[in-house]
Structures are given as C-alpha cells and as structure tokens.
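Here are my notes on this model, point by point. Please read them with the structure open.

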Amino acid sequence: MTTTNPFRDRGIQIELLAAAVYDREFLKESGMVLEHDDFRPVGGVDSALWTIAGLALDFYKQQRSPLGSMLQREIVRWCKEANAGAERRSRLERIATELKKRYHATRTPVLLTTVIEYKKQQLRSSIIHELIESEAAGALTDETWDQLWRRGIYAPPSMQTHNYLAGAEDRIIRRVAEKWHRRPGLMIEPLDLSVRSIGRGHLGLWMGPPKSGKSLALIWVATSYLFHGLNVLFFTLEDPLPDVEDRFDACIAEMPIADLNVHGERFRQRFEQFRSRLRSQLRIVDGTDGSITISTIESIWERERDGDFPADAVIIDYDDEIRPQRKQSERRLEFADIYRDLRQFVARTQVIGWTAAQAQRRAEDERVISGKMIAEDISKIRKVTMAIGIGRGDWGENSRYL
C-alpha cells in the first residue's frame, strides 16, 4: 500500500508545522523522526515554512520543548544572522501568525497518525529497495536479511535512544536556554537566588497557618508566570470570583484593593501597560460550588486546550476544597488520593502545578514552617517537588518569612 506524502499538500503541511511549533504531545511522538527537508517548499516556492520548520525542529531537539511563543524571537534572531531583508522577515512573521491561527489541539491525533503512517511506509520502502539491490548484487546473506528485517520494525519516536556521550554540547546549550524557560523563577529575588523553582511535570506547594498569605502567594506565582510567557489556568475553590479578580488587579497595578475603585483611572493605565507587554493569558475557573475533583480539573484543562488555550501552568487555591474521587474512612487517606492524582495529572500533561495547604494553628507565631506542621496529612510534603512554608517575618506584623 502506498501512503501519500502529507508534506506535499500545502494545507496539511501548514497544519503539521503549526503542531511542530506549538504541540508538546505531537513533538513527543514525532519530533525525532520529523526532518527539516520534510517541509521543503511545495512546487519550489515559498521557503518560509521550510525556514520556520528548521527553527522549530532544532529548538525541540535541543530543548525537548516546543518553540511556542518564542517563535517571533527566533525569527528575529534568524533574520539578523542570515542578513535577511525586511520583505523576507515580514513574510516569516505573516506565516508565524498564520500558524498560530491554524493550530488546533484537537487535530493532533489525526496529524500524528498521518505522519507516523507515512514514516513507516518510507522506512519499509527503503528496506525493500536495499533488499532488492543486495539480491541483485548477490550480497543478500542471512545476516544482511536479519539486519534489514530488524531495521524495518518501526520503533515509536518516544522510545528512541539518545547518544549521551555525543550530546554534551547540546546539553550545554539546553541548560543555558532553559535557565528560566524550563524552571521559571517566581520573581521573588531572595528565593530565586537561593533555589531553583519547579518546571513542567512538577507539583509545588505553599503551606502556612490561616491568613498567612497562601492565596496571595498563588496569585503572585500566576502573575509571574504571565511575565515568563506562560498561559495560566487558575482555579479558585474557596474565595468568590470577584474577590480573586480584585486581588489580581491589586497585584498587577501595585495598589491596595481599597484604592482600585478610588483611583480607577490609575488602575486602568497600569493594567493596560501590564497587558500590552504580555504574549500569554490567564483564565480563572470559579469552582466554589464544591464539585471540583482532579478529574474535573483535567477535563477543564483539556477543554481549554482544545479551544486554543493550552495552559502551561495549573494553579489551585486550595487543596482542602478539592473533592476526592472516592470517600475514605479518614481525611488523610483522601488527601493521599488527591495528591497522588494531582501529581499524576501534572506529570501526564507536562504542566507546572501549584496548590496550597493549611498548616496547624500552633504554627501561627512560627518563623520557620516545617513539614511536621502540615495539617491533616504529612505525606503531602513527600508527593510534591517543592514546598514553601510561609512563616512570620521579622519586619513587622505583615511581613512573611519563606
């Protein structure tokens, strides 16, 4: 059976390139078998797709991450290095805009099947051609037959081997580039200088006594991620949506909540200045009706992704309001299930996850909040990648020590 080359159809070629730029799952399954030349211009015209394909595939092979929102920056860099004229740069930027519009996560399974079937057929055709040539030359031995037969078995790209000893330079480049991209800082300078924050597939936890600022910490993390170019899906499970929106407004405008209404024009100017700098989005889910489970959170994340909002970070305020999938005899057992499901969700979807947990009342006057002060279930600490305690600071009633 002959499989049609999908890269010769410009419409499909654009969809495939959009997935190669934006879709992590698509790249995980096909990124190591896609080749730059797959995107050669159809009919010998319009090399813009080919150029962008090179940028996207090189970035993925070095970073193991899609190019995504960094595409425009890479285009500027490439144009400068290639001494490209204004017309060519404009063409590349127009194609980049078109790719963003053409990317739809719901198309990923179909595109993956198309690419994999074509690559399988390519591999088999190549093996058959070698068999025929070896037979014609009288060189088809049992050993040659066995080697070619084994090569013809298609291994999933996600299970390809990587030559560790030959990849040192690529790893150096990756570590430099990913310093903030893979593990984005929290924009709390003393903390960022002391420790690395979490990255994709990891779960973070803020913990502190009542009214210590856990919700504000999650809002700060969400806001800092926007500056890093990450899309954020924020779940409020305890506080009403208007209160959460006011807190975000106060954080962004650097104003007390009480001043938002008094100084409306000042807020408007600061908010527009903030929004004009972003390439990312924040969406808030009101889950205060008490029906949210981890399965619900994953379903909402998938729905938003399929609707052209691929969230890079999922932030949940806070853990005590998450319903367990099944009722347990003890609350600590329910928390064990909740955190296990949450950790598996962020690992499976490769998002950055954050939530908050209550510390015991006796921690209210403590400067250092340790793991043994966590309320309900200490196993929460073991299930997260990073836990940050919020204790009483040394600089007045409203100061905090992390």
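**Notes on the fold and backbone**

1. Helices α1 and α3 are roughly parallel to each other; that label applies to angles under 35 degrees, with over 145 roughly antiparallel, 65 to 115 roughly perpendicular and the rest oblique. The axes of α1 (residues 10–22) and α3 (residues 48–63) come within 10 Å and cross at roughly 25°. Axes are lines fitted to C-alpha atoms, for helices over the stretch in contact, and angles run from 0 to 180 degrees between N-to-C directions. Helices (H or I, at least four residues) and strands (E, at least two) are DSSP runs, numbered from the N terminus.

2. A word on the basis. This is a predicted model, where local features need pLDDT of at least 70, side-chain atom pairs count only at pLDDT 80 or more, and totals for chains, interfaces and linings use all residues. Residues are numbered from 1 along each chain as its sequence is written, and side-chain values use heavy atoms, leaving out hydrogens and water.

3. The crossing of α1 and α3 is left-handed, meaning that the near helix is turned anticlockwise from the far one by less than a right angle (clockwise would be right-handed). From α1, the contact (heavy atoms within 4.5 Å) is made by R10, Q13, I14, L17, A20 and V21; from α3, by L49, I52, A53 and A56.

4. Now the sheet. Six strands form an open sheet in the order β3-β2-β4-β5-β1-β6, with parallel pairing. The edge strands, β3 (282–286) and β6 (386–389), each pair on one side only; pairing requires at least two DSSP bridges between two strands. From one strand to the next, the twist averages 20°. Helix α11 (residues 241–253) packs on the sheet and touches β2 (232–236) and β3. Its direction makes about 155° with that of β3.

5. Strand β1 (residues 203–208) runs parallel to β6, and four bridges join them. L205 stands opposite A387 in β6.

6. Check the peptide between D317 and Y318: this bond is cis, with omega about 0°. Y318 is found in the loop between β4 (313–317) and α15 (331–349). Most peptide bonds are trans.

7. Which non-glycine residue between α4 and α5 deserves a look? N83 has a positive phi of about 55°. N83 lies in the loop between α4 (71–82) and α5 (86–102). N83 is exposed, with a relative accessible area of 70%.

8. Q350 also has a positive phi of about 55° without being a glycine. Q350 lies in the loop between α15 and β5 (352–358). Q350 is partly exposed, at 29% relative accessible area (buried is under 20%, exposed over 50%, partly exposed in between; 1.4 Å probe, protein chains only).
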